[in-house]
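Thanks for making the time this morning. I would like to walk through one model with you, going from a whole chain to the boundary between chains and then to some local details.

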Amino acid sequence: MKDRQKKIHYEKTFDCVQCGYCLPACPTYESMKKETHSPRGRIHLIKQFAEGKVDIEALQEPIDKCLGCNACSTVCPTNVQYGKILEGAKQVLDEQKPKTKIQKVVEKLIFEQVFPSKAWMNTIGHASWFYQKSGLQTLGRMTGLTKAAPLHLEQFEQILPDLPSPVERMHRPKVVKTAGQRRAKVGFFTGCIMDSLFFGINAKTIDLLARAGADVVIPDGQTCCGALHAHSGKQGISKELAKKNIKAFEKAFEGEDVDYIVINAGGCGARLIEYGELFEDEPDWQERAEGFVARTKDISEVLVELDTLTFTKPVKEVVTYQSSCHMLNVQHVVEPPLRVLKSIPGIVYREMEGSERCCGSAGIYNILQFDESMKILDHKMDKVKMTGAHTLVTTNPGCLLQMKLGIKRECLEERMRAVHLVELLSEARPLGRPESEKDR
Amino acid sequence: MDEVWMKELKQIFHPGRFLTDLPDLHSFSYDASFGNHLPQAVVQVKDVSEVIAVLKLANEYRVPVYPRGQGTSLSGGPLPVKGGIVMDLSRWREILEIDPDDLVAIVSPGVLTSDINKAAEKYGLMYPPDPSSSHVSTIGGNLAENSGGPRGLKYGVTKDYVLGLEVVTPEGDLIRTGGRTMKNVTGYDLTKLIVGSEGTLGVITEAILKLIPKPPATRTMMAVFDDLVTSGKAISKVLTSGILPAKIELMDQASIVAVELYRPIGLPVDAEAILLIELDGHEETLKKEMGETERIIREVGARETVVAQTREEADQLWLARKLVSPAIVKVKPTKVSEDATVPRSKIPEMIDRLKQIKEKYDIHLVVFGHAGDGNLHPNIICDQRDTEEMIRVEQAVGEIFTTAIDLGGTLSGEHGIGTMKAPFMEKELGPLGLEMMNRIKGAWDPNNILNPGKIFPEPGQDSLVLRNG
């Protein structure tokens, strides 16, 4: 019982005074319409479980259906650490729930082999590329073969972006120096999904940083941030991945001062800045993790801090923004993406009602809980449509895919697109300002 | 599922709104007060015929029914203390109509209170009651508990804005009380009887609410005092000068210190009290009234006054008050929030007595709240896992109640009696006063099926218990 209470962060459940202020902020409370699927309800059930009053089956559904968007922590008047409590519950569920043999094999493959592996992620990128280019995609769609795939993956493969060829992938340099005056030295965290499915956005991110006056290093040996593992209850692997990343960046910058470790994915960023909390039992690693965290920033924050880019090509479009929950509620990065977005000449920015609410993507939630995710997405798309925007901007790969899916479901592909903030910034032809002009 | 009434109840509802799984039952076993009590079933009602059917069935089989909004009650209002059925009304939000000609709003019970005010604002109108949970709490819950809020000082509480109700009685009959006129003296005022009856006399299924013109502007000031008694005097002086602020909120030294430790925003930690005062009205009048208020407060002996010049500055001043809740639970996690209320003139004495209670029981007690109307919020910060401490807290709360009554005040200004304060009812009302209430309950609910275990003390229930099981 004691072990169960420790893992599940039983102590932290007492911070909840059950005031209910989290209810209006919770997307699943709104869509599933009962207290059981609210943050307050989940914390209460976790507490009952920790006290032995309910068994683990009682936790399964409410915990599985939580998006983990953390909107509740942002509005909580008593600072309950919901994210920690949720991760604890997921870990206990993962360890205690009986699983079928196939489930175990698939999970092992995905979490221990695929996500942490650069080679695997590249292979997914290559395979997806080959699949698209070879016409298999069209054939698959026409014959309805992809519809037979489990987990509704067919809906997702239709919205995958055009991918670069293996040759382009291999030829990315390890260091990109700025052409102008050097104002910062940064390490770029590529991420696994970003680098496999959104390789082009990563390339544009590196280009933007170089134009803004940064020397960009892309360290070898970096791997998945571990967010998806942590959110699936696999704390052990998540910690190992954290160590690998910390090591990779330390090695790349041995003895040198690095100003920023830059990420362009809200979900990864949220995990990276929590590295410091993973090593409470390992002081050596904790110190190294804190050094890593202190430099970690989202691309939008770095661009705002450097303040060196001018956009030379007007983008004459109505634009709206869907924030990434983990960027908003965990990293607490609110203003910078909007600030750079609004600095693009020609755009008409329209705020979306409820832009701070989760889109239902939530890591791999949209794959595991497809129906619930689509309810939330459909609701989100109603709000998107109300803005009349041509371009919907996001800052996280999961959100980007989900918004592309939303546009497809609404048959809006003809007049609307979803892009990563970095893509829109690149379209607006960014130029580095000379030093003298910046100082003026 | 073996009981006959359960089977019949199941027939009435769509399966998605009839809940009997254990995780669901646990999720409707609590509110924002203390204690967990498992119901046997939860029904999520969405129209009046469902409410009638549930109550008729429950009355026939003598099953307790517990109406519930969003479970933000601080007094145990929706707790299913005797099992039975929790009737969740929070999903019933269909009607929210504003009639600007009659200056009324017609609402379903599950509509959020703040949404009513938002809808009214579109017509330049306002629904004044503003409990701090108004963005979460339902109007049904507010009506049942007769909730107040900071604006109560100038505008009164929920009961002052109810013109008419549609109610299902515990025997399952539909009645209408009042109407949509400002004046109405036809017979007994059943509307006011139902409001604040804590869901023991009927289930409110629709309400006609009074709206008033929204004041065009507000202004905020903060006043700092070296001693608490002077702040009390300042309140009286302002209120007798012909100025009626919308809100006067007090923070005592313990809450000021807690906020500064939690997030330093530059509050004076050596001060004994801070008052936050909001005036509302027309811009021109406001300027004059704010100047006058500041002058009076300085004259009485405030050490410092700050008048916000912009909306942002005002928000900054109110931030201090907002931070009290998160700040005080940093010390210990459990918060016992009381709302014993005294006549305004007794505020300084009440604060003094609270200090003595704090020392006597060696508890962590902070005082903040709606000082302008005598509705102080003494909050005790403790740890519910510490039984020995909780016993001291229970005794201290008991003494706070009796002190408020001794000073000519009341057990509850806005949270309600529920389970927590029931043992103290007789002390305030006397045996006959309580007996008359009991007779009313008996006449409306002969089989005692609606929210039993609330307001009236159970046999042998003679003191407060905050510990669970």
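What share of the contacts in chain A between residues at least 6 apart in sequence join residues at least 24 apart? In this model, which is a predicted one, the share comes to 80%. Chain A is built with 26 helices and 11 strands, and of its 440 residues 47% count as buried.

Let me turn to where the two chains meet. Here 21 residues of chain B are in contact with 24 residues of chain A. On the chain B side, the elements that contribute two or more residues are α2, residues 22-27, and α12, residues 324-328, and of these α2(B) gives the most, with five residues.

An unreviewed UniProt entry places the feature "domain: FAD-binding PCMH-type" at residues 35-214 of chain B.

Next, a helix pair. Two packed helices are described by the angle between their axes and the distance between the axes. For helix α13 of chain B, residues 347-360, and helix α14 of chain B, residues 387-406, the angle is about 155° and the axes are 10 Å apart. Because roughly antiparallel applies to angles over 145 degrees, α13(B) is described as roughly antiparallel to α14(B), and their crossing is right-handed. From α13(B), the residues B:Met350, B:Arg353, B:Leu354 and B:Ile357 meet B:Ala396, B:Glu399, B:Ile400, B:Thr403 and B:Ala404 of α14(B). The residues of this contact divide into six nonpolar, one polar and two charged.

Finally, some backbone angles that deserve a look. Most residues other than glycine have a negative phi. A:Arg429, however, has a positive phi, near 40°, and this residue lies in the loop between α25 (421-427) and β11 (430-432) of chain A. B:Asn146 also has a positive value, near 50°, and is found in the loop between α5 (139-145) and α6 (152-155) of chain B.

Are these residues buried, exposed or partly exposed? A:Arg429 has 13 other C-beta atoms within 10 Å and is therefore partly exposed, whereas B:Asn146 has 23 within 10 Å and is therefore buried.

Note on methods:
Residues numbered from 1 in each chain as written. Chains lettered and ligands numbered in written order. Predicted model: local features only at pLDDT ≥ 70, side-chain atom pairs only at ≥ 80, totals over all residues. Axes fitted to C-alpha atoms, helices over the stretch in contact; angles between N-to-C directions. Helix = DSSP H or I, 4+ residues; strand = E, 2+ residues; numbered from the N terminus. Parallel < 35°, antiparallel > 145°, perpendicular 65-115°, else oblique. Left-handed = near helix turned anticlockwise from the far one by under 90°. Contact = placed C-beta atoms within 7 Å. Nonpolar A, V, L, I, M, F, W, Y, C, P; charged D, E, K, R; others polar. UniProt positions renumbered as here; feature names shortened; annotations may be inferred. Buried ≥ 20, exposed ≤ 12 C-beta atoms within 10 Å, placed from the backbone.
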